[in-house]
Amino acid sequence: MAAMEPQAAARPTAPRVVTVTGPVDPAALGVVDAHDHLFIDSAAMKGQAFDDLARTTAEVVEGRDSGIGTIVEMTPIGLGRQPAKMRAASEATGVAVVAASGYHRDAHYPADHWVHAATTELLADRILADLRRGMHPADWLDPVLPLDIAKAGAIKGGASYHRISASEARRLDAIGGASAATDAPVLVHCEIGTMAFEIIDRLEAAGAHADRIALAHMDRNPDAELHADICARGVTLEYDTIGRTKYHPDSTVLDLIERVVAAGHGDRLMLGLDLGAREYLRAYDGGPGLRYLMTAFAPRLRRRLGDEATDAILISSPARFYAFPTGGAR
Ligand SMILES: [Zn+2]
């Protein structure tokens, strides 16, 4: 599929999504899982790390067979990101994979990790290297290693529950600046759906444009009025508690989507599964697994909203959001 277009093909000026196998036409993405994980190892999720290529490939095959065309892999710097394995999983399955640069909230890093003390400048330089040259295979823990050929196509950010720490603030400043310099899309982890406006304000102050910003996990706080106010600022929301029955039933997310669409923001919503732990993956004998979005949730969404509004959420809105407007990192 289009994911196989070679990276060196051209310097396109039309919008392009940057996948681990090269830039692609956003119209070729198909259904986009807008936030997920293929390999991860977080200090905050002990015992839940996964890095097995064969198991990941099996999970992606199930996702592909359910109808997913593209996966946005939101594992940021320092959390077990695996650029070479991402390329291998994409090449083995034909599913396009967009990788992330950027940084998570404090809780996901060991106390002695370099991200805590790094200057805003260094934090930004490493994002720009990921976007323009290729991802570092060990996230600079072993600086002599050569960069992978795969570039990051998005930037992750993160803040704590009802709080942005000083270290998180530096990282958000670096992320906002890197987006301003490259037009890269930014997806920010909002812990239990909090701090939305503070995060947007911080990124915009660093130069990022609202249209390049999306907020993840907002459905942990399924407040449709709040969400409509956020969308009115031109920011996109990414919901990902689908199948997370321990939080709420899927009908809560369906109700929320219906209300945000009714408020006129149907073009500012994306969906992901965010399967960032072994226990969520069928390949590790867990669930709901990558196929859940299309087998269990999408049919209910289609029944509520109809085809046009459903396809906007699954296909066209993530294609617009994740595309670099002028073709790639400037
Ligand atoms: Zn995630």
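Reader: What makes H35, H37 and D274 donors of the zinc ion?
Author: The model is a predicted one, and in it H35 (NE2), H37 (NE2) and D274 (OD) lie 2.1 to 2.2 Å from the zinc ion. A donor is an N, O or S atom within 2.8 Å of such a metal, so these atoms qualify as the protein donors. Water is not among the atoms, so the site may look incomplete.

Reader: Where do these donors sit along the chain?
Author: Their spacing is H-x1-H-x236-D. H35 belongs to strand β3, while D274 is in the loop between β10 and α9 (292-305), so this pair ties together parts that are 239 residues apart in sequence. Both H35 and D274 are buried.

Reader: Which strands form the sheet, and in what order?
Author: The order of the eight strands is β3-β4-β5-β6-β7-β8-β9-β10, in an open sheet with parallel pairing. The strands at the edges are β3 (31-36) and β10 (269-271); each has a single partner strand, so one side of each has no neighbour in the sheet. From one strand to the next, the twist averages 25°.

Reader: How do you know that β5 and β6 are paired?
Author: Two strands pair if at least two bridges are found between them. Strand β5 (residues 96-102) and strand β6 (residues 154-159) have three bridges, in the parallel sense, so they count as a pair. A100 has A154 in β6 as its bridge partner.

Reader: What joins β8 to β9?
Author: Strand β8 (residues 213-216) is joined to β9 by three bridges, and the two run parallel. The bridge partner of A216 is E238, in β9.

Reader: Why are both faces of strand β9 called covered?
Author: Strand β9 (residues 236-239) has T236 and E238 on one side and L237 and Y239 on the other, and all of them are buried. Buried means under 20% relative accessible area, so neither side of β9 is left uncovered.

Reader: How many disulfides are there, and how do you know?
Author: The count is zero. A disulfide needs two cysteine sulfur atoms within 2.5 Å. The sulfur of C190 has its closest cysteine sulfur in C231, 12 Å away, so the two are too far apart for a bond. Looking from C231, the closest cysteine sulfur is that of C190, again at 12 Å.

Reader: Are C190 and C231 buried or exposed?
Author: C190 has a relative accessible area of 0%, and C231 is at 3% relative accessibility. The limit is under 20%, so both count as buried.

Reader: Why is L122 called partly exposed?
Author: L122 lies in helix α4, and its relative accessible area is 31%. Buried would require under 20% and exposed over 50%, so L122 falls in between.

Reader: What do the buried residues of α5 pack against?
Author: They pack against α3 (114-117), α4 (120-132), β6, β7 (186-190) and α6 (196-205). Among the buried residues of α5 are S167, L172, I175 and T182.

Definitions and conventions:
Residues numbered from 1 in each chain as written. Predicted model: local features only at pLDDT ≥ 70, side-chain atom pairs only at ≥ 80, totals over all residues. Heavy atoms only, no water. Helix = DSSP H or I, 4+ residues; strand = E, 2+ residues; numbered from the N terminus. Axes fitted to C-alpha atoms, helices over the stretch in contact; angles between N-to-C directions. Buried < 20%, exposed > 50% of the residue type's maximum accessible area, 1.4 Å probe, protein only. Contact = heavy atoms within 4.5 Å. Donors = N, O, S within 2.8 Å, 3.2 Å for Na, K, Ca; no water.
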